[in-house]
Amino acid sequence: MTRTITTPRPRRRIAGLAAAVTAAGLLLSACSGSSSDEGTTAAGGGEDSFDAISVQLSWLKNQQFAGEYVAAEDGLYTDAGFEDVTLTAGGSSATSAEAAVATGQAFVGISSPLITAPAIQGGAELKIIGSTYQRNPFALISAASAPIEGPDDLAGATIAVSDSNTLVWNAFLAANEIDPADVTTVPLSDTSMLTTGQVDGYIGYTTSGASALVQAGFDATEFLLADEGLPMVGEVLVTSQDAIDEQPEAVKAFLLATVQGWQGALADPERAVDLTVNTYGKDQQYDLAATTLAFDRQAELIATDETATNGILTVSEELQEGTIASLGYAGIDIAAQDLFDLSLLDEVYAENPDLLS
């Protein structure tokens, strides 16, 4: 049976998306990667077949998307029925995942609840259909010689925060009932602010945080904000309500191949890193050791006790509630049913029980 897929456009209030996405798109930045569009699947088939699609990545091509690289390289998207799948790099000047999906440029986008939720509130008919990270990667990094081990150590500290991370920092303070006046917050320029003693800590990402500084010769430590009041998922997969309603088999096919791709990446980290450094992120001239370290840290965010039970990309009801609460601390009030629709991912696992074997 052949099902033709077209990249859908939400039906209402597209205009309201622009302002929401523009404002929200400044919230997150991530590790550097490649801006090339290498790595599309060849035409193929299966019981169902679908037209070519584009996937809008949340950032430049780095290890964050290694599962998608494996899915493309191993023909998993082709096996799922897609004629072609293009992985489109994001970046500071790129179209956001929300805007790309809402305007029909992409079938699926990868983003953050901090960006997706405001876009939905602005009128975009989008839903999160899965999440790569069970725990968001935000971390507070400090010197091991003067460690900040949790919220109780923050009084009187000076913390560097980039503009893009201000919202999550303020949410963290609110979640832990910390008066912003009790902490000195300064703009983050680079990590040398910590290594030279200008600040006591900074907000960054665990994939390029304390472990990377230790590798570079500076003894550092960190804690995840996800473990201290902000249990929010990260690197979420977003599609349109139209796709969920009108092209569910295509959405399920994409989810199936992506789950399999991430299983392959986690099972063979060396290959996942090689694809990042030498193929998809080749233009960025990544350091192999640093990328390996980042992938290893990332794997801890992806493979958890919950995913061992429920499967890669799944989001438990508890994590949905934690994400909604975390967004509330950021001043974003949205209901779980308005942000998440995991029904098709549930069907993927029900129809493919071997995924959990």
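**Exercise 1: Strand pairing around β10**

In β10, Val238 is the bridge partner of Ile128. The model is predicted, so local features require pLDDT of at least 70 and side-chain atom pairs count only at pLDDT 80 or more, while totals for chains, interfaces and linings use all residues. Residues are numbered from 1 along each chain as its sequence is written, and side-chain values use heavy atoms, with hydrogens and water left out.

Task. Determine which strands pair with β10, in which sense, and over how many bridges.

Solution. 
- Step 1. Two strands pair if DSSP finds at least two bridges between them.
- Step 2. β4 and β10 run antiparallel and are joined by six bridges.
- Step 3. Strand β3 (residues 108–111) also pairs with β10 in the antiparallel sense, over three bridges. Here Leu237 of β10 is the bridge partner of Ile110.
- Step 4. Buried means under 20% relative accessible area, exposed over 50%, and partly exposed in between (1.4 Å probe, protein chains only). β10 is mostly covered, with seven of its seven residues buried.

**Exercise 2: Salt bridges**

Task. State how many salt bridges the whole structure holds, and locate the partners of Asp74, Arg135 and Arg297.

Solution. 
- Step 1. Apply the criterion: a side-chain nitrogen of Lys or Arg within 4 Å of a carboxyl oxygen of Asp or Glu. Side chains of opposite charge can pair when their charged atoms come close.
- Step 2. The search of the whole structure finds seven salt bridges.
- Step 3. Asp74 pairs with Arg271, with the closest N and O atoms 2.7 Å apart. Because Asp74 lies in the loop between α2 (66–73) and α3 (76–79) and Arg271 in helix α11 (residues 269–280), this pair ties together parts that are 197 residues apart in sequence. Asp74 is partly exposed at 38% relative accessibility, and Arg271 is partly exposed at 30%.
- Step 4. Arg135 forms a salt bridge with Asp227, the closest N and O atoms being 3.0 Å apart. Arg135 lies in the loop between β4 (126–133) and β5 (138–143), and Asp227 in the loop between β9 (220–224) and β10 (234–240), so the pair ties together parts that are 92 residues apart in sequence. The relative accessibility of Arg135 is 25%, which counts as partly exposed; Asp227 is partly exposed as well, with a relative accessible area of 45%.
- Step 5. Arg297 forms a salt bridge with Glu300, at 2.9 Å between the closest N and O atoms. Both residues lie in helix α12 (residues 288–302), three residues apart, about one turn of the helix. Glu300 is partly exposed, with a relative accessible area of 41%.
- Step 6. Salt bridges that share partners join Glu249, Lys252, Glu347 and Glu351 into one network.

**Exercise 3: A loop serine**

Task. Is Ser96 buried or exposed, and which backbone nitrogen does its side chain reach?

Solution. 
- Step 1. Ser96 is found in the loop between β2 (85–88) and α4 (97–102).
- Step 2. With a relative accessible area of 17%, Ser96 is buried.
- Step 3. The Ser96 side chain reaches the backbone nitrogen of Ala99 at 3.1 Å.

**Exercise 4: Aromatic pairs**

Task. Count the aromatic pairs and classify the geometry of Tyr77 with Phe254 and of Phe138 with Tyr205.

Solution. 
- Step 1. Rings of Phe, Tyr and Trp (its six-membered ring) pair if their centres lie within 6.5 Å; planes under 30 degrees apart count as stacked, over 60 as edge-to-face and the rest as tilted.
- Step 2. By this rule there are six aromatic pairs.
- Step 3. Tyr77 and Phe254 are stacked, at 5.4 Å centre to centre and 10° between the planes. Tyr77 lies in helix α3 and Phe254 in helix α10, so the pair ties together parts that are 177 residues apart in sequence. Tyr77 and Phe254 are both buried.
- Step 4. The ring centres of Phe138 and Tyr205 are 5.3 Å apart and their planes stand at 35°, so this pair is tilted. Because Phe138 lies in strand β5 and Tyr205 in strand β8 (residues 201–205), the pair ties together parts that are 67 residues apart in sequence. Both Phe138 and Tyr205 are buried.
- Step 5. Trp169, Phe172 and Phe223 form one aromatic cluster.

Technical notes
Helix = DSSP H or I, 4+ residues; strand = E, 2+ residues; numbered from the N terminus. Polar contact = N/O pair within 3.5 Å; in protein donor to acceptor, adjacent residues only side chain to side chain.
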